[in-house]
Amino acid sequence: MNIPQHVAIILDGNGRWAKKKGMPRNYGHAQGSKNVERICEEAWRMGIKYLTVYAFSTENWNRPKNEVDALMTLLRNYMKSCLKTAAKNDMKIRVIGDKTALDQDIKQRISELEAATQNNQGLNFTIALNYGSRDEMIRATKRLAQDCVDGQVKVEDINENLYETYLDTHGVPDPDLLIRTSGELRLSNYLLWQLAYTEFYFTDVLWPDFTKDELKKAIEQYNRRDRRFGGVKEETNV
């Protein structure tokens with residue numbers, strides 16, 4: 001079976017999962033966070049080299065304050081456990097998104113986590129935090145425009161390869177497969193540039209119930225697709 005090099009996931013359905021069990025939404029977020037760690041381990045065992053998850057979007061600030069506060073508390077705790085998990089599994093961590101809006105202690109923990117894992121050789125795990133693709137592209141365009149004004153870049157030299165160096169994901173290959181859980185059929189402002197040629201897989205399974213077997217189903221579906229680039233079919237080992 002052909003294993004995708006890079007899988008991106010929209011982690012959806014934590015709140016609905018909790019509601020079905022008669023529990024508060026924050027309980028669902030906590031269980032969803034634990035599942036991220038399990039899927040990271042399973043992904044690496046299956047041969048996936050890059051995993052990118054949508055943890056908190058720029059639009060999530062519009063949720064009720066008590067839920068946002070709970071998510072930030074969960075994030076703080078997750079950063080601690082993630083450091084242990086990364087050390088255990090030799091995992092390299094990267095956080096993308098606009099970090100300027102985050103509290104200083106969270107920004108500090110992100111820096112420590114990225115620095116501590118930068119030389120690890122296992123799964124390349126990217127967390128999209130306070131991330132929105134349109135915001136990413138606007139920030140990238142502003143930096144590129146400033147470099148043009150400063151004479152560091154010539155307008156005639158701007159192309160896709162150059163522009164990608166200004167994105168949060170620079171140096172990371174584009175996803176081969178996008179998975180969205182919970183039955184929603186939209187991208188929600190996630191990796192719009194990077195998903196240009198990505199295969200999409202949507203499942204009704206809520207994120208806390210997404211298991212190794214569900215990941216295998218997604219990859220099996222990926223293997224049944226005809227991958228074409230510029231009219232040329234990609235070779236797959238099915």
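1. Ile 9 stands opposite Val 53 in β2. Strand β1 (residues 6-10) is joined to β2 by five bridges, and the two run parallel. Strands are DSSP runs of E of at least two residues, and helices are runs of H or I of at least four, both numbered from the N terminus; two strands pair if DSSP finds at least two bridges between them.

2. The model is predicted: local features need pLDDT of at least 70 and side-chain atom pairs count only at pLDDT 80 or more, while totals for chains, interfaces and linings use all residues. Residues are numbered from 1 along each chain as its sequence is written, and side-chain values use heavy atoms, with hydrogens and water left out.

3. β2 also pairs with strand β4 (residues 124-131), in the parallel sense and over seven bridges. Here Tyr 54 stands opposite Ala 128 in β4. Seven of the eight residues of β2 (residues 50-57) are buried, so this strand is largely enclosed by the rest of the structure. Buried means under 20% relative accessible area, exposed over 50%, and partly exposed in between (1.4 Å probe, protein chains only).

4. The count of salt bridges comes to 16, each being a side-chain nitrogen of Lys or Arg within 4 Å of a carboxyl oxygen of Asp or Glu. One of them joins Arg 16 and Asp 12 (3.4 Å, N to O). Arg 16 and Asp 12 belong to a network of salt bridges with Arg 180, Glu 184 and Arg 186.

5. In helix α3 (residues 65-89), Lys 65 and Asp 69 lie four residues apart, about one turn of the helix. Their closest N and O atoms are 2.7 Å apart in a salt bridge. Lys 65 is exposed at 63%, whereas Asp 69 is partly exposed at 35%.
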